Structures are given as structure tokens and as C-alpha cells.
Amino acid sequence: LKGSFVTVKNSLKETLYVKSSIFLMILFVIPSILDLGPSNQWQAVFEKLDADIIGYVWIGISVSGMLGSVIYEKLSNRLSKLRILYFFVIVNLGMLLMFIFIQNVYAKFILFMLFIVFFTLMSIQVSVFMHKYLVKSDENRTTTVSIFYTFESIIVAILLSVNGVLTDRIGIENTWLVFMALVGVIILSFMFVKFKKSRIK
């Protein structure tokens, strides 16, 4: 127990006391924030337009997830830069935005499948980047990863409650727009800070 406590303490120091690590943890939790509504409420959106298509959406989600994994495996060397994650987030914001405003059920189906493909790419990237950038030492690797997943779970649990309240008040798709705006603000803030630092250098 004493050894475990020391390991957790050292991992917390390595993770939470370093600004870049906190920055990375917030960045890595963005895909989960963006997927908060879509992963839990897509059935209601499609059911409202055409309930018969829901079974095909389930199949499409599975196929799109596998396609995203295959694409990442084929292009892993080209997707190894952190800035590519920004690109995927922006693309998925665009996909969701079109998904919300286009009312044709088949167009929505295609857009949602593309969203799943890019979300899968982001998820794999986060997992790879977490071990590459967030973990500072092999000794505390497992604990550091656990700290991140704990942080992610807390954020998601809080935002799920917010999602439920907002959905009751302003509707599903408007709630998605709120979370998309939140993600957009975070991404733009990070990009601005990075640009500012590069200008100073």
C-alpha cells in the first residue's frame, strides 16, 4: 500500500504539476465531450425522422468504427503529429454541424457514419498520444493513464448531467450545438496560445 501511494503521488506530481500535462489532458478529453450527445442520443434523432433506419445505423456504426481503425493503421506514420488531432476535431465539428441542419435522413446517415470514422481516428490518436506525450516515465505509466481516465470520467459524468438538463430545456440538437461551441472555444484557445508562443519564439 505504501509503495502504491508513492507511485500515485509521483504520477500526480508528473501530471498535475506540469502545465503542459494539464493542457494535454484537456485536449485529449475533447473527443469524449464532442461525442457526448451523439453516442447517447443518436437513436432519438433518427427515430424522429425514420425509425426503420435505426438497425442500419447500428450496422453502419460498427463498419465505420472498423474502417476508422483500418485507416489509422494504414496512415499511422502520417497521423503522428499532435496538430492532426486539431484537424480531426474541426472536421468532426463540421460533420456534426451539417448533421444537425440537414434534414434528409439518408444524408444524416452518411454524415453520422463519417463522424464515427473520424471519431475512431481521434480516439486511437488520443490513446497513442497519451502514452507518447502524457506519460513521463515507464515506472508510472499505468498510474498516469489511470489518472487521465479518472479525469475523463469525472468530466464526462458532470457534462452528462448538464446534457440531460439542457436536452429537457432546449432539445437534443440544440444541446449538441452548445457542446460543439464549447469544444470550438477550447480548440481555438489552444490554437491561439500555440500560435502566440510560436510568435514569441
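1. A residue is called buried when its relative accessible area is under 20%, exposed when it is over 50%, and partly exposed in between, with a 1.4 Å probe and protein chains only. By this rule, buried residues make up 42% of the 201 residues in the chain. The model is a predicted one, in which local features need pLDDT of at least 70 and side-chain atom pairs count only at pLDDT 80 or more, while totals for chains, interfaces and linings use all residues. Residues are numbered from 1 along each chain as its sequence is written, and side-chain values use heavy atoms, leaving out hydrogens and water.

2. The chain holds 8 helices and 0 strands, where helices (H or I, at least four residues) and strands (E, at least two) are DSSP runs numbered from the N terminus. Of the contacts with a separation of 6 or more, 78% are accounted for by residues 24 or more positions apart; a contact means heavy atoms within 4.5 Å.

3. A search of the whole structure finds 1 salt bridge, a term for a side-chain nitrogen of Lys or Arg within 4 Å of a carboxyl oxygen of Asp or Glu. The salt bridge joins the side chains of glutamate 173 and lysine 108 (3.5 Å, N to O). Glutamate 173 lies in helix H8 (residues 172-200) and lysine 108 in helix H6, so the pair ties together parts that are 65 residues apart in sequence. Both glutamate 173 and lysine 108 are buried.

4. Aspartate 35 sits in the loop between helix H2 (19-34) and helix H3 (36-50). Aspartate 35 is buried yet has no salt bridge, and the nearest side chain of opposite charge, lysine 108, is 15 Å away; here Lys and Arg count as positive and Asp and Glu as negative, while His and the chain ends are not counted. Leaving aside neighbours within four places in sequence, aspartate 35 is in contact with Phe115 and Phe119.

5. Phenylalanine 119, found in helix H6 (residues 105-134), is buried, with a relative accessible area of 18%. Not counting residues up to four places away in sequence, phenylalanine 119 touches Pro31, Asp35 and Asn92. The C-alpha atoms of phenylalanine 119 and phenylalanine 88 are separated by 7.8 Å, although these residues are 31 residues apart along the chain.

6. Isoleucine 59, in helix H4 (residues 54-75), is exposed, with a relative accessible area of 54%.
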